[in-house]
Amino acid sequence: MSKLGNLGARLHRGEVGYDFVGNRKIWYGLSILITITAIVGLAVRGLNMGIEFQGGAVFNTPKTSVSVAQAQEYAEEASGHDAIVQKLGTGDDATLRIQVAGIDTSQADKVSAELAEKLGFAEKDVTGELVGPSWGEQIANKAWQGLGIFLVLVVIYLAIAFEWRMALAAFVALIHDITITVGIYALVGFEVTPGTVIGLLTILGYSLYDTVVVFDSLKEQTKDITKQTRWTYSDIANRSINSTLVRSVNTTVVALLPVAGLLFIGGGFLGAGMLNDISLSLFVGLAAGAYSSIFIATPLVADLKELEPQMKALKKRVLAKRAQAAAQGEAPDAPVTDESLADDPEDAAHAVVGPRNQPASRGRGRGRPSGKRR
C-alpha cells in the first residue's frame, strides 16, 4: 500500500489525526480575513464586467505582430472608450480580440475602419460583432435566479436529510466560497463573462459534495452519542473530518489538475485568454470549496450542536470523567481496550475508539486495538 493510502487508512481508523475542530478559531479568523479582503477588493475595484453584460462591440483581427498594449491604445483612440485586448495564440501567428464597451452600431463601423487603418489591414479584414446590453442583463438575471433556487433547494434537502444545523453550516460555506471567488475576480481584474457565471454555479456542486460526505460520516458516528461518556460531539466531528480527509483531498486535486491546465497553460502559456473566464472561477472555487468543507462547515456544525442542552450535559460528563481519570493517574483519552470496556459496561455498549480527542468507529474490529493496555 502506498504511503498516502496507508495514511488514509490510519486516518479512517482514528489512529492518527489533526484537531481541526479544536483549532477552529484559527480557521474562522483566516476565513474572515480572506472574506474581508475579497469584499474590500470588490468594493474598491469592482468587477470587470464583460461586454456581454455592458453592451458594445467585439473586433477580431487577422494574424498580426502588433502588441496588446499598442492595439489597446489604437482601440481607445478610435472609440473614446476603454478597450480590452486579448492575444489569441503566440508569436507572429497570434490574432487579436478587441472589446470596446458602450458603443452602438454607427460607432462600431467607424471604430472598425479606424482600427483596420491603424493596424495595417484592409477594412474588410477586421470583423466586428455588436452585443446589446439587454442580452447580458437577461443572462445576469437568470444566473441570480438559478443561484437563489439552488441555495433554497440545498438548504431544504440538507434540513430533511440531516438537520437544520447542517443545512445552515453548508449554506454559510457556500456563501463563503462564492464571496471569495468573486472577490478574487475583482482583485485580479479578470473579465466576468457568461463563462464565469457558469463556473460559479459549477463550483457550488463540488463544494456541497465534499461537505455532504463529511456530514454523512458525522451523522453515522453520532448515533446514540448521549449514551456514552467518552467523547464529546466535537471529538466525533473531528474524527469525521479526519476519516474523510484523504478522500476530499484526492477529489479536489483530481478536479483541480485539468482546471489548472486550462488556466495556467491554456490561458497563460498558450495565450488562449478566453479560457481564463471560466477556469479562474473553477480553480478558486474548487480550492475554496475544499477548504470550507473541512475548516468551516463541520466545525460550525459542532459549535451549533454543542449549544444544545443535551450536548452541553454530555460535554460536562465527558470532561468530568477525564478529569477524574487524570486525577487517578490514568490517561484520560487513551484508546479503549477490552480491559477498560469490561470495567465500564456503559461505554462497552456505545464506545468509539481513537487517539487523543479522535473518536473512531463503533464496535469491535474497526480501529480497536486488541490486548491489554500497556
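Biologist: Start with helix 7 and helix 8. What is the handedness of their crossing?

Modeller: Helix 7 and helix 8 cross in a right-handed way. Keep in mind that this is a predicted model.

Biologist: At what angle do helix 7 and helix 8 pack, and how far apart are the axes?

Modeller: The angle is about 145°, and the axes of helix 7 and helix 8 are 10 Å apart.

Biologist: Which residues meet there, helix 7 against helix 8?

Modeller: On helix 7 they are Met-166, Ala-169, Ala-170, Leu-174, Asp-177, Ile-178, Thr-181, Val-182 and Tyr-185. Helix 8 answers with Thr-196, Leu-200, Ile-203, Leu-204, Ser-207, Leu-208, Thr-211, Phe-215 and Leu-218. Sorted by class, the contact of helix 7 with helix 8 has 13 nonpolar residues, four polar and one charged.

Biologist: And helix 2 with helix 7, what are the angle and the distance there?

Modeller: Helix 2, residues 24-44, packs on helix 7, residues 164-188, at about 45°, and their axes are 8 Å apart. Because of that angle, helix 2 counts as oblique to helix 7.

Biologist: Is the crossing of helix 2 and helix 7 left-handed or right-handed?

Modeller: Left-handed. From helix 2, the residues in contact are Ser-31, Ile-34, Thr-35, Thr-37, Ala-38, Ile-39, Gly-41 and Leu-42. From helix 7 they are His-176, Thr-179, Ile-180, Val-182, Gly-183, Ala-186 and Leu-187. The contact of helix 2 with helix 7 divides into eight nonpolar and seven polar residues, with no charged ones.

Biologist: How does the lining of the largest pocket split by class?

Modeller: It has 18 nonpolar residues, two polar and no charged.

Biologist: Which residues line the largest cavity?

Modeller: The lining is made of Tyr-206, Ser-207, Tyr-209, Asp-210, Thr-251, Thr-252, Ala-255, Leu-286, Gly-289 and Ala-290. Helix 8 (194-221), helix 10 (245-269) and helix 11 (276-305) each give two or more residues to this lining. The largest share, four residues, comes from helix 8.

Biologist: How many residues in the lining of the largest cavity are charged?

Modeller: One is charged, alongside five nonpolar and four polar.

Biologist: Last one, helix 4 and helix 5. How do their axes cross?

Modeller: The axes of helix 4 (residues 68-79) and helix 5 (residues 105-119) come within 9 Å and cross at roughly 140°. The crossing of helix 4 and helix 5 is right-handed.

Biologist: Which residues make the contact between helix 4 and helix 5?

Modeller: Helix 4 brings Tyr-74, Ala-75, Glu-77, Ala-78 and Ser-79, and helix 5 brings Val-111, Glu-114, Leu-115, Lys-118 and Leu-119. By class, the contact of helix 4 with helix 5 has six nonpolar, one polar and three charged residues.

Definitions and conventions:
Residues are numbered from 1 along each chain as its sequence is written. This is a predicted model: local features need pLDDT of at least 70, side-chain atom pairs count only at pLDDT 80 or more; totals for chains, interfaces and linings use all residues. Side-chain values use heavy atoms; hydrogens and water are left out. On a 1 Å grid over the protein atoms alone, a cavity is a set of points where a 1.4 Å probe fits but cannot get out, and a pocket is an open set with protein on both sides within 12 Å along at least five of seven lines; lining residues have an atom within 4 Å of a point. Ala, Val, Leu, Ile, Met, Phe, Trp, Tyr, Cys and Pro count as nonpolar, Asp, Glu, Lys and Arg as charged, and the others, Gly among them, as polar. Axes are lines fitted to C-alpha atoms, for helices over the stretch in contact, and angles run from 0 to 180 degrees between N-to-C directions. Angles under 35 degrees count as roughly parallel, over 145 as roughly antiparallel, 65 to 115 as roughly perpendicular and the rest as oblique. A crossing is left-handed if the near helix is turned anticlockwise from the far one by less than a right angle, and right-handed if clockwise. Contact means heavy atoms within 4.5 Å.
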